[in-house]
Amino acid sequence: MSAAVFRLSTRLRICQPARIRRLAVAPEQRQMTVCFTGHRQLADQEADAVSAKLDLLLPKLYRQGYRRFLCGGALGFDTLAAEAVMRLQAMYADAMLVMAIPCATQAMRWNEADTRRYEQILYAADETHVLSPAYYNGCMMVRNRFMVDRSALCVCYLNKMKGGTMSTVAYAVQEKLSVLNLAMAEDDAASPEQHTSLTAAGADPSGSLRF
């Protein structure tokens with residue numbers, strides 16, 4: 001982690017666990033919030049295609065009334081989503097980039113290029129929630145649920161039926177969010193009116209998804 005990111009992470013306000021549980025969200029704010037979840041490892045060509053889809057999608061979501069875009073700050077899809085929100089802000093000044101960081105040390109072992117992108121995202125964020133001062137087993141899940149609990153729509157990039165992205169989408173389904181999967185056909189991904197509701201596809205009591 002670069003010295004700049006370390007200094008930034010130590011200045012960010014860290015939420016205490018009890019405070020996280022108490023942080024209520026007004027229904028009207030939740031209804032204008034989108035959260036993002038997706039895989040960390042994406043090939044370069046795949047990442048370019050995902051960025052293009054996000055650039056098509058986000059203005060449509062904005063025109064539907066979404067103003068808050070909640071990102072987790074991880075590598076891969078999270079980074080692409082946050083950068084797409086930054087580009088959206090060039091068109092719509094009231095679009096908000098909200099970051100939910102699982103721990104202040106998230107980028108400690110990242111390479112220089114990834115760390116620099118992370119630093120730029122954190123400085124651009126309108127609002128940042130750091131949920132723990134240090135990594136612990138389960139902090140990523142806490143971050144993922146924090147985002148879902150504050151959103152009406154989950155935009156995901158899910159093509160593997162395992163891992164943190166799948167469990168986050170399963171939780172979003174359980175909580176009755178609309179879910180839009182950008183790993184599906186381009187026509188579906190580009191049309192918010194045709195939200196891929198995984199609720200309609202079904203989630204079993206254990207939280208796993210059926211397509």
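**Sheet, helices and buried positions in the predicted model**

Of the 211 residues of the protein, 50% count as buried, where buried denotes a relative accessible area under 20%, exposed one over 50% and partly exposed anything in between, computed with a 1.4 Å probe on protein chains only. The structure is a predicted model, in which local features need pLDDT of at least 70 and side-chain atom pairs count only at pLDDT 80 or more, while totals for chains, interfaces and linings use all residues. Residues are numbered from 1 along each chain as its sequence is written, and side-chain values use heavy atoms, with hydrogens and water left out. The protein has 10 helices and 6 strands, taken as DSSP runs numbered from the N terminus (helices H or I, at least four residues; strands E, at least two). Among the contacts with a separation of 6 or more, 79% come from residues 24 or more positions apart, a contact being heavy atoms within 4.5 Å.

The 6 strands form an open sheet with parallel pairing, in the order β4-β3-β2-β1-β5-β6; two strands pair if DSSP finds at least two bridges between them. Because β4 (127-130) and β6 (178-181) stand at the edges with a single partner strand each, one side of each is left without a neighbour in the sheet. Neighbouring strands are turned by 20° against each other on average, direction ignored. Strand β1 (residues 33-38) pairs with strand β2 (residues 68-71) in the parallel sense over 3 bridges, and Thr-33 stands opposite Arg-68 in β2. Strand β2 is in turn joined to β3 by 4 bridges, the two running parallel, with Cys-71 opposite Met-99 in β3. Of the 6 residues of β3, 5 are buried, so this strand is largely enclosed by the rest of the structure.

Helix α4 (residues 44-63) lies across β1, β2, β5 (153-157) and β6, and runs at about 165° to β5, angles being taken from 0 to 180 degrees between N-to-C directions of axes fitted to C-alpha atoms, for helices over the stretch in contact. Helix α7 also packs on the sheet, touching β1, β2, β3 (96-101) and β4, and its direction makes about 150° with that of β3.

The axes of helix α7 (residues 139-148) and helix α8 (residues 163-174) come within 10 Å and cross at roughly 35°. In this contact, Asn-144, Arg-145 and Val-148 of α7 meet Gly-164, Thr-168, Tyr-171 and Ala-172 of α8. The buried residues of α8 include Thr-168, Tyr-171 and Ala-172. At 1.5 Å a residue, the 12 residues of α8 should span 16 Å, and the 17 Å between its end C-alpha atoms agrees with this, the expected span being 1.5 Å times one less than the number of residues. Lys-176, which follows α8, has a positive phi near 65°.

Gly-38, in strand β1, is buried with a relative accessible area of 10%; residues up to four places away in sequence aside, Gly-38 touches Phe-77, Asp-78, Tyr-157 and Thr-165. Gly-38 and Gly-164 are 126 residues apart in sequence, yet 8.3 Å apart in space, C-alpha to C-alpha. Gly-65, in the loop between α4 and β2, is partly exposed, with a relative accessible area of 29%, and the C-alpha atoms of Gly-65 and Thr-33, 32 residues apart along the chain, are separated by 9.0 Å.
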